[in-house]
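Reader: Hi, could you walk me through this structure? I'm new to this, so please take it one topic at a time.

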Amino acid sequence: MNMEQYFSDIKSSSNQGLVGITGGIGSGKSTVAAFIREAGYTVFSADDIARDLTNTHPEVKARINATFGTMYLPDDTLDRMKMAALVFGTSPEHAQNLAQVNSIVHPFVWQEIAERAKARFDAGDRFVFNESALVFETGADKFYDLVVVVDAPEDVRVMRLAEGRGITEEEARRRIQAQLSADEKRARAGYVIHNHGSRSEVQAETKRFLTALELGSVKI
C-alpha cells in the first residue's frame, strides 16, 4: 500500500491540521487524548483500530498466522499475551518480530485513519487528532502536521504499568526498552506535554496546549 496517497488529499482547507498524539508506554498519552476528546475534538486511536483489525480483518489475520503460526484463541481473537512475548524485549529477534507485525497491520490502520480523518475534515473540523503508540517508529510522523509527545519519567511509567496492567516492574521496563527512547521522542516532537504530576496538572497542561493551538501559537 502506498500510504502517502491516502493522506495526500484528506483536508478540505489549508487551515486544517492532522495532529498526532504519542508517547512511550505508560506515559499517559491515552489520558491526554481523553482530555482532548472531552474538550470537543475528534480523536481517533490507532491502537484501538489496530486491535479491531487484528481481530476482524481476514487478510490481517491470515498474514499473522502465516508469519507466526497459530496466534488466535478459540474465540477467534488474537492471543495478545502470546504476541507480547514475541515482540516485547531487547533481542534482535524481538525487534524483528515487532517489525513484521507492524508491516502487516499498520498499512491497514493508516488507510482507515486517513479515511476517517478526511470525513471529519470534510465535515468542517479544524483539527483532527490521532493517538498512536508508534508514530516515529513506523515513519508515520510524515503524515501529520504536528506530533505531540506525552512524556513522563521512566520510574513513573514503570509504576503505572505495573499497577495498571498487573505486570512486574521487570516486564514493564522490558516493554519500555522495546520502544524508541523518550529522549528521541522529545527531540522529534512538535510539542511536549509533561505528565509527571497529578491528573489535574496534566489536564491543565493539555488545555494550555489546545488554547495555543487554536490561537496559532503552536504551528501546524
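Author: Gladly, and please keep in mind that this is a predicted model.

Reader: What volume does the largest cavity have?

Author: The largest cavity has a volume of about 40 Å³.

Reader: And which residues line the largest cavity?

Author: Its lining is made up of G23, G24, S27, V149, V150, D151, A152, R157, A182, K185 and R186. The elements that give two or more residues to this lining are β4 and α9, the latter covering residues 182–188. Sorted by class, the lining of the largest cavity has 4 nonpolar, 3 polar and 4 charged residues.

Reader: OK, now pockets. How much space lies in the largest pocket?

Author: The largest pocket holds about 1300 Å³ of space. Its lining counts 48 residues, and those that lie nearest the centre of the pocket are D47, R51, F88, A133 and R165.

Reader: Which element gives the most to the lining of that largest pocket?

Author: That is α6, which gives 7 residues to the lining of the largest pocket. Helix α6 spans residues 92–122. At least two lining residues each are supplied by α2 (29–38), α3 (46–56), α5 (80–87), α6, α7 (154–165) and α10.

Reader: How do the lining residues of the largest pocket divide into nonpolar, polar and charged?

Author: They divide into 21 nonpolar, 16 polar and 11 charged residues.

Reader: Let's pick one residue. Where is H106 found, and is H106 buried or exposed?

Author: H106 is found in helix α6. Its relative accessible area is 15%, and because that is under 20%, H106 counts as buried.

Reader: Which residues is H106 in contact with, leaving aside its neighbours within four places in sequence?

Author: With those neighbours left aside, H106 is in contact with L134 and T138.

Reader: Switching to rings: how many aromatic pairs are there?

Author: The count comes to 5 aromatic pairs. One of them is formed by F7 and F143, a stacked pair with 4.3 Å centre to centre and 5° between the planes.

Reader: Where do F7 and F143 lie?

Author: F7 lies in helix α1 (residues 3–7), whereas F143 lies in the loop between β3 (127–131) and β4 (146–151), so the pair ties together parts that are 136 residues apart in sequence. F7 is buried, at 11% relative accessibility, and F143 is buried as well, with a relative accessible area of 12%.

Reader: What about Y191 and F209, is that pair stacked or tilted?

Author: Y191 and F209 form a tilted pair, with 4.8 Å centre to centre and 45° between the planes. This pair links distant parts of the chain, since Y191 is in strand β5 (residues 191–194) and F209 in helix α10 (residues 199–215), 18 residues apart.

Reader: Last one: where does the charged end of K61 sit?

Author: The charged end of K61 sits over the ring of Y72, at 5.4 Å from the centre of that ring.

Terms used. Residues numbered from 1 in each chain as written. Predicted model: local features only at pLDDT ≥ 70, side-chain atom pairs only at ≥ 80, totals over all residues. Heavy atoms only, no water. Helix = DSSP H or I, 4+ residues; strand = E, 2+ residues; numbered from the N terminus. Buried < 20%, exposed > 50% of the residue type's maximum accessible area, 1.4 Å probe, protein only. Contact = heavy atoms within 4.5 Å. Phe/Tyr/Trp six-rings, centres within 6.5 Å; stacked < 30°, edge-to-face > 60°. Lys NZ or Arg CZ within 6 Å of the ring centre and 35° of its normal. 1 Å grid on protein atoms, 1.4 Å probe; cavity = no way out; pocket = protein on both sides within 12 Å on 5 of 7 lines; lining within 4 Å. Points joined across faces, edges and corners; volume = space filled by probe spheres on them. Nonpolar A, V, L, I, M, F, W, Y, C, P; charged D, E, K, R; others polar.
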